[in-house]
Amino acid sequence: MLQGDWYKATMVSYPGTGTPKRCDFQFSDDGIRIRYRQNGMMVTYAGREVSEGHFRLEADVISGRATLHRFASDTEFEGALAEGDQTGLWSISVSEQTTD
């Protein structure tokens, strides 16, 4: 599951509105990528697994850094998020495969 293709997902970040936001999620041997639109621009976080179930990601376009964690084969991810001078938490729930 979650290998290679893009999947539809929702993410919630705190602080923030707490409202789920659509994003796309890709999991491969090279790591994971999450992409979403923010203020009219496409933001992509990309990173690698640093130990089983633990990922470090970066988004250059917005000076973003993040971590994500999950249990084996789970489709729910949670972690920390820092964009510029704002820090918080985020969770991502991966659902169906997309053709994008």
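This is a predicted model: local features need pLDDT of at least 70, side-chain atom pairs count only at pLDDT 80 or more; totals for chains, interfaces and linings use all residues.
**A chat about the barrel and its salt bridges**

Reader: Nice. Which residue in strand 4 is the bridge partner of Tyr36?

Author: That would be Val43.

Reader: And what do the 8 strands form?

Author: They form a closed barrel, running 1-2-3-4-5-6-7-8 with antiparallel pairing. From one strand to the next, the twist averages 30°.

Reader: Switching to charges. How many salt bridges does a search of the whole structure find?

Author: The search finds 2. In general, side chains of opposite charge can pair when their charged atoms come close. Here, Arg22, Asp24 and Arg35 are linked in a network of salt bridges.

Reader: OK, take Asp24 and Arg22. What is the N to O distance there?

Author: It is 2.8 Å for the salt bridge between the side chains of Asp24 and Arg22.

Reader: Is Asp24 buried or exposed?

Author: Asp24 is buried, because its relative accessible area is 7% and the cut-off for buried is under 20%.

Reader: And Arg22, what's its relative accessible area?

Author: Arg22 has 45%. Exposed would need over 50%, so Arg22 counts as partly exposed.

Reader: What about Asp24 and Arg35, how far apart are the closest N and O atoms?

Author: They are 3.2 Å apart in that salt bridge. Asp24 lies in strand 2 (residues 21-28) and Arg35 in strand 3, so this pair ties together parts that are 11 residues apart in sequence.

Reader: Where does that leave Arg35, buried or exposed?

Author: Arg35 is buried, and so is Asp24.

Reader: Great. New topic: where does Ser95 lie?

Author: Ser95 lies in strand 8, which spans residues 86-97.

Reader: Which residues does Ser95 touch, leaving out those up to four places away in sequence?

Author: Ser95 touches Tyr7, Lys8 and Ala9. Take Lys8: Ser95 and Lys8 are 87 residues apart in sequence, while their C-alpha atoms are 5.6 Å apart in space.

Reader: Good one. Why does Ser95 count as partly exposed?

Author: Because its relative accessibility is 41%, and partly exposed covers what falls between the buried cut-off of under 20% and the exposed cut-off of over 50%.

Note on methods: Residues are numbered from 1 along each chain as its sequence is written. Side-chain values use heavy atoms; hydrogens and water are left out. Two strands pair if DSSP finds at least two bridges between them. Helices (H or I, at least four residues) and strands (E, at least two) are DSSP runs, numbered from the N terminus. Axes are lines fitted to C-alpha atoms, for helices over the stretch in contact, and angles run from 0 to 180 degrees between N-to-C directions. Buried means under 20% relative accessible area, exposed over 50%, partly exposed in between (1.4 Å probe, protein chains only). Contact means heavy atoms within 4.5 Å. A salt bridge is a side-chain nitrogen of Lys or Arg within 4 Å of a carboxyl oxygen of Asp or Glu.
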